[in-house]
Amino acid sequence: MYALRKIDKVFPGVKALSAVDLDIGRGEIIGLVGENGAGKSTLMKVIYGAYQPDSGSIEIDGQTVRFSNPRQAMHHGIGMVFQEQSLITNLTVMENIFLGYEQQFVRYGIIDWKAMAEAAKAQLAKVKLAIDPSAITSSLSFAQRQLVELAKVLTLEERVDGDLVILLDEPTSVLAREEVELLFSIVRDLRNRASFIFVSHRMEEVLEISDRIYVMKDGEVVDVVSRDVADIDAIQHKMVGREIDKEYYREQLQKAYSDQAPLLSLEDVSVSGRFSNVSFDLHAGEVLCLVGTEGSGREAILRTIFGMEHPTSGQLSVRGKPVARFSPQAAVAAGIGYTPRERKVEGIVAGMNVFENMTLSQLGNYSRAGVLNVSGERATARQWIERLAIKTPSEHKDCGGLSGGNQQKVVLAKWRSGGSDILLLDHPTRGLDIGAKEDVYDMIREMSDAGVGIILVADTLEEAIGLAHTIIVLKDGVAQQRFDGFLTQKPSLYDLLHHMI
Amino acid sequence: MNNWLTRDNLIRWAPLLVLLALICLFALIEPRFFSVRNAARIAIASTPALMVAIGVTFIIIMGSIDLSMEGTVSVCAVIFAFAFIALGGTLASFAWLALPLALLVGAAVGLLNGLIHVRFKIPSFMCSLAIGFVGTGFALLLTGGDRVRVEDELFRSLLTIRFLNFPIMVYVALACLVLAWFIQSHTKLGRNFYAIGGGEELATSSGLNVGRVRALAFMLAGMFYAIGALLAVGRIGIAETATGNNFMFVSITAVVVGGTALWGGIGGVWNTLVGVLIVNVINNGMVVIGLPNFVQDAVLGILVITAVVLSTNRKTVAFVK
């Protein structure tokens, strides 16, 4: 009854979706799986109307429809239960459920709260949640909020003629096992009212709940399997199956590192709620990749090393010296550099020019008694612009006007020119086109040669395997497996995925 | 062609164009406006406001706001006057020590303001407003509502001695402006203001001690308020609780009209100079062409809104609180 036909979606530099076909029958539950970056979230955004496809059509009961925003999609019965919960926590449950649709309860310009509470109660009954509709949302547990979200989406039933399609984006990621069971039983009970699209990293759960499973890779649907014949191993192979190009990741330039005197070591470091008992050493010239799904603790480990989060237990040492004070200032002073994932937010200051961005972390080196040596700054900037082939008309150009790849080079130059020899790179190639990615790979090899130790959270598994000397696989904040000795034998994607999900 | 006629360039030079247009307009309506004597009058009226506006410019570049200027100016002015009289009443004696004392008082009030803002995580707007009220109250407590006269001829020479038709205080203000420009563009502290205004997260993740920079910024602003207070006292020869009156509106208006963005990271002290001149040209020009006082405030209010509307790139701003 709901179908996508040959949907394409192109972003500058990437084909996010190509020729995606998808069918949902009445009352069906379908699963959607794929690696990070396979196109799942883009596909979902197309379905609930946040993105418009570049070509292809969306059909409901054979009629072609077009949504220019999520609200229009809702009028056609398509609802989304968000992963990062979309309830406004300082409002009551009923206000959240009817947010934007309060008009139905208005009498003479005044909201009839009693009527709204009654209606909210009816919605909550659909998801078997017996809570006071006038409770403040922040007082609910995560699982309860998830159900309130579902109840909110189910209000579509009264508003829309025809069938409902409800998207569940990673609904189980914050739930305990019993809560997942509860959610699943409710979803099954609701099949007579709606069809569901279930997206999750947890393969067992997808298999448990879905009638059919769509497997995505590189923006395409590579397989559709029905539950009776589904097999976790086979699906995982399909999610990753592709050849790796050795040249692309500059593997011929990869050299062994010396395992003497680690630059950085973690011993049983934990941050409560994020990760626990993580231990590893980082050596000069080593590239260490942290691999795991979103929320597995990869970013939290980087942020802890950089002093933005504080370990609750364990010991972190830099060059053999235990770290006592955790702050970004102390980390920078100890020679640690950090390139965050959101370049636009945390990577460069738009509005400041190239040389100002480059010296931001090391103004002490370019000042005496607080007075800056601007010509020294500019000389350094010119040197690095040349060395990294940064495409900018001059060192005075506003950094916000550079391309993503060149911004990334400025960020790397910032840490390298300041003498940082421990670099924490969080998705350094995210959003870059292929040429710029290769530049980043070249820079990583060059830094390794110069004796820099790098901890990398890669954009894809291939990237991690291609670049790393060492890979640590994380799941739910716990290190699952460590892979070493990459110069002779690299692990396969399947090996990694197996430990991730 | 017309490469230079971009939105960016227009925004950058618009305040200066407005200033020139206003001068032309008033000069056309009333030729007496365009005279050296009147220019000096505008300059004298501008100097104390310029100092205060420069102080708050640093804060606004960081994306914060400081509303403590009226209280700080009053406290500095009154303490200066009492100390000056107590130490001999003329610059030729030890009374000159009252000058650095005033700067210290300004720095102390600013630092207090900044530390409360940073340590207790109170929004700068609320914290500085409260400190400003405390300052005004404290000044009233000191004076008991009286005016303190500072009649030393040497000190008043700030106003009375002229060089090329402009009194000395104008040159003092220009020197302070150059100093402020140097701080803004040639010191670590100045660069850090822009970094915090452009992206506070990033400043943190580049290892900046953001709290320290913020506290120092408020201290620096306090010192410029103190200079403003000294020039204000030099101009009229009287220190009182009311010395600080009206500085809040004038200085913030000037900074905004000059083109420094309220959300931080853009602008600087030269913009503020242009802004202060715009405000004072309007004030003076309206008097010269004979319009009543209340029209001036209305015109300035409209100008502020116009300036903000023109300088805001609404495509990138999703929510305004």
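Two strands pair if DSSP finds at least two bridges between them. The model is a predicted one.

Start with a sheet in chain A. Six strands make up an open sheet, in the order E18-E21-E22-E15-E23-E24. Its pairing is mixed. Strand E18 (336-339) and strand E24 (478-483) of chain A stand at the edges. Each has a single partner strand, so one side of each is left without a neighbour in the sheet. From one strand to the next, the twist averages 20 degrees.

Now look inside this sheet. Strand E15 (residues 287-291) of chain A pairs with strand E23 (residues 470-475) of chain A. The two run in the parallel sense, and four bridges link them. Leu290(A) stands opposite Ile472(A) in E23(A). E23(A) is also joined to E24(A), this time by five bridges, and these two run antiparallel. Here Leu474(A) faces Ala479(A) in E24(A) as its opposite residue. E23(A) and E24(A) form a hairpin with two residues between the strands. In that hairpin, Asp476(A) takes a positive phi near 50 degrees.

Ile29(A) stands opposite Phe196(A) in E10(A).

Step back to chain A as a whole. Its secondary structure comes to 18 helices and 24 strands. Along the principal axes, the C-alpha trace of chain A spans about 70 × 55 × 45 Å. With 501 residues, a compact globule would have a radius of gyration near 23 Å; chain A has 25 Å, which agrees. Of those 501 residues, 47% count as buried. Contacts can also be sorted by how far apart the residues lie in sequence. Among contacts in chain A between residues at least 6 apart, 70% join residues at least 24 apart.

Chain B comes next. It has 13 helices and four strands. Its C-alpha atoms fill a box of roughly 60 × 55 × 35 Å, taken along the principal axes. For 321 residues, a compact globule would have a radius of gyration near 20 Å; chain B has 20 Å, which agrees. Buried residues make up 48% of the 321 residues in chain B. Of the contacts in chain B with a separation of 6 or more, 78% come from residues 24 or more positions apart.

One helix pair in chain B deserves a visit. Two packed helices are described by the angle between their axes and the distance between the axes. Helix H3 (residues 69-86) of chain B packs with helix H11 (residues 247-257) of chain B at an angle of about 125 degrees. Their axes lie 8 Å apart. That angle makes H3(B) oblique to H11(B). Which residues of H3(B) meet H11(B)? They are Met69(B), Glu70(B) and Val73(B), and they meet Phe247(B), Met248(B) and Ser251(B) in H11(B). By class, the residues of this contact divide into four nonpolar, one polar and one charged.

Finally, the two chains touch. The contact takes 22 residues from chain A and 18 residues from chain B. On the chain A side, helix H11 (328-333), helix H12 (343-347) and strand E20 (371-372) each supply at least two residues. Which element of chain A gives the most to that side? H11(A) does, with four residues. The side of chain A that touches chain B has 14 nonpolar, six polar and two charged residues.

Definitions and conventions. Residues numbered from 1 in each chain as written. Chains lettered and ligands numbered in written order. Predicted model: local features only at pLDDT ≥ 70, side-chain atom pairs only at ≥ 80, totals over all residues. Contact = placed C-beta atoms within 7 Å. Nonpolar A, V, L, I, M, F, W, Y, C, P; charged D, E, K, R; others polar. Rg over C-alpha atoms; globule rule 2.2 N^0.38 Å. Buried ≥ 20, exposed ≤ 12 C-beta atoms within 10 Å, placed from the backbone. Axes fitted to C-alpha atoms, helices over the stretch in contact; angles between N-to-C directions. Parallel < 35°, antiparallel > 145°, perpendicular 65-115°, else oblique.
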